[in-house]
Amino acid sequence: MDDQTTKLIQGISAHLASSSWYSTQALSYSITAMGKYINTMIKGTENPRIKGSVTLPDGKKIDFDDTKAISINIEKDFGKDIQIRLDPETSFKKLYSLMNWNGVPLESNEETSSRNLTLKVNWYNEDGLTIDPSVLKQGTSFWAHFNVKNVSSLDRVDEIALMFMLPSGWEVQNTRLQSEMLPKKFASLKLNHEEYLDIRDDRVMWFFDLHRWKPLYNEMDFVVKINTVTVGEFTMPSIFTEAMYNGSFRATVKGQKVKVTGVE
């Protein structure tokens with residue numbers, strides 16, 4: 001391979017390994033390009049082999065000898081160095097490694113933020129009066145109201161998602177099935193303009209576009225009715241909205257602790 005190709009591949013690899021946001025399409029094309037590069041390298045090699053070893057922080061050595069990708073689970077010694085060595089007999093002079101982690105955080109550490117979109121959250125009782133959802137009695141019915149607005153210079157932002165994940169002690173009351181009337185307070189809101197609404201057991205998701213040249217569509221309102229069902233203390237995750245194919249459009253409202261008390 002010439003130097004220009006090598007530099008291009010190194011650049012793509014560095015971007016893929018970074019924490020930057022990329023759309024599904026960008027990732028797909030980048031990975032495809034990397035695959036074509038590796039296939040070209042293999043074609044010029046007889047009996048291609050990838051041979052070497054991985055030494056974990058505790059000194060354990062894992063040998064590999066395969067033309068396919070290998071995966072190693074690391075369950076301890078986080079933050080310490082790992083050594084990857086290529087055997088002199090390997091067909092390749094370079095090896096690309098990728099490390100990722102997954103798990104469930106004990107608590108969300110995401111703060112309230114806004115970038116080109118704003119997200120406002122309000123809570124109301126059945127009479128339309130503002131309430132604090134942090135402590136509610138079991139069997140309480142109330143409303144969550146979300147407002148999303150485009151505050152960027154763009155006239156149109158497409159494919160936006162709004163996700164509200166409920167704490168474990170709450171459940172959604174599906175007003176669509178019951179044909180329930182909304183409180184009068186909601187009469188002036190810009191409701192029911194989303195392209196798709198997905199109601200599940202533990203979350204509600206709205207999908208929509210915002211158009212500045214359509215007065216009704218540069219900002220939208222969304223409401224959902226909720227019941228408190230289980231006594232206990234729970235964590236409500238962050239509520240967020242984002243453009244699914246443009247990482248510069250996102251807004252988040254920090255999560256919080258909520259409590260459902262028993263009926264006296």
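Me: Which residue stands opposite Thr235 in E16?

Reply: Thr235 faces Lys257 there. A word on the basis: this is a predicted model, where local features need pLDDT of at least 70, side-chain atom pairs count only at pLDDT 80 or more, and totals for chains, interfaces and linings use all residues. Residues are numbered from 1 along each chain as its sequence is written, and side-chain values use heavy atoms, with hydrogens and water left out.

Me: What makes strand E13 (residues 232–236) and E16 a pair?

Reply: Two strands pair if DSSP finds at least two bridges between them. E13 and E16 have 5 bridges, in the antiparallel sense, so they pair.

Me: Why is Met244 called partly exposed?

Reply: Buried means under 20% relative accessible area and exposed over 50%, with partly exposed in between (1.4 Å probe, protein chains only). Met244 has 30% relative accessibility, so it counts as partly exposed. Met244 sits in the loop between strand E14 (239–243) and strand E15 (246–253).

Me: What makes strand E2 (61–65) and strand E3 (83–86) edge strands?

Reply: The open sheet of 3 strands has the order E2-E1-E3, with antiparallel pairing. E2 and E3 each pair on one side only. Strand E1 (residues 51–55) is joined to E2 by 5 bridges, and Lys51 has Asp65 as its bridge partner in E2.

Note on methods:
Helix = DSSP H or I, 4+ residues; strand = E, 2+ residues; numbered from the N terminus.
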